[in-house]
Every structure is written in C-alpha cells, then in structure tokens.
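Please look at the sequence and the 3D structure shown here before reading on.

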Amino acid sequence: MLQLFKKKSDGIVIGAPVKGKAVPISEVNDPTFGEEILGKGVAIIPADGKIYAPADGRIELLFDTMHAVSMTTDDGVELLIHIGLETVTLKGEHFTAHKTTGDTVKKGDLLITVDLEAVKAAGFDVITPMVVCNTGDYQAVEAVTGADVEPGESVLKIKNTVSSGVRS
C-alpha cells in the first residue's frame, strides 16, 4: 500500500550539484546544451569548485578527464553534469575525482573538485550544465532558476510519466 502512495508523488526533485547561480540551460553558450540536444536541464554558474551528487544513485561514467560525470539516480533519472565548456581539452588538469565509475553515491557526496580560477585563467567558461538525458521518459522537466543555490537545493523538478492508467 505504501508503494501506491509513492507512485502518486509530485515527481522527482534533483538538487544543485554545485554552489552558484542557477540559470536556464538556454544561457549555455554551446548548442549541445543550450538547444537541449542532450535533454532538458539547468545550468549553474559556480561560486566554488566542489561538485556534489545531486541525488542518490550510481556513477555510470566518470570521464577520464574528470570534466564530466554521468549518473543514474535511484529514481531512474539519467543525469550528465558537465563542468565548464570545452574543458575536456584540459585532459584532467585542475580536476580531482573523489568518486569513480560504478560507485554508489548519496545526495551531497563530493564527486569532483576543480580549481575554477585556473580553469578560467586557461580561457574556459566554467558554467556547469546538468542535463536529464532521458528527458523523453517524463511528462516534464522543469528548471528552477534565477537564484543563488547551495548544493542539494532543488534546481530540477521532474514529473513522472503517466503509466497503467495511474497519474503520477
């Protein structure tokens, strides 16, 4: 009986992966993110270089260059967190991983640290998009933007799909 009530929730809430200002994904100066090619999401202009797990889940891939991480939340949301734009070319310089591919994480676990000032000095934009790669599995993915956020504060609200005649 408790499972029935869980399915009727208002949806899934994803927290901010980093402290900073939450902005619409359309403000990301890269069409892959800004035009939502990979899915809907949100971007954070980071105020510090600590990247945290935005939800409980599993790390599916920590890129060797540590500039991005993909994870699947316990609710099945497939997330990509991409630290900065074109930062793959840094080949891991200025990035330190604290988790790795296959790790189970809890919301708030430290995933990656990055020296933002060094990345900026190297000429890179540090805006950090977080995208729901399986956007099509949900009724709606809505970003909460326009405010400064702390890690873990709600930045994405995901409405579950309608299935088996039961609205979620």
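The questions and answers below go from the sheet to one residue in a loop.

This is a predicted model, in which local features need pLDDT of at least 70 and side-chain atom pairs count only at pLDDT 80 or more, while totals for chains, interfaces and linings use all residues. Residues are numbered from 1 along each chain as its sequence is written, and side-chain values use heavy atoms, with hydrogens and water left out.

Q: Which residue in strand 10 is the bridge partner of Lys50?
A: Strand 4 and strand 10 (residues 110–114) run antiparallel and are joined by three bridges. In strand 10, the partner of Lys50 is Thr113.

Q: Is Asn134 buried or exposed?
A: Asn134 is found in the loop between strand 11 (128–132) and strand 12 (140–143). Buried means under 20% relative accessible area, exposed over 50%, and partly exposed in between, with a 1.4 Å probe and protein chains only. Because its relative accessibility is 8%, Asn134 counts as buried.

Q: Which residue has the backbone nitrogen that the side chain of Asn134 reaches at 2.9 Å?
A: Not counting residues up to four places away in sequence, Asn134 touches Gly76, Val77 and Glu78, where contact means heavy atoms within 4.5 Å. The backbone nitrogen that the side chain of Asn134 reaches at 2.9 Å belongs to Glu78.

Notes:
Two strands pair if DSSP finds at least two bridges between them. Helices (H or I, at least four residues) and strands (E, at least two) are DSSP runs, numbered from the N terminus. A polar contact is a pair of N or O atoms within 3.5 Å; within protein, one must be able to donate a hydrogen and the other to accept it, and residues adjacent in sequence count only if both atoms are side-chain atoms.
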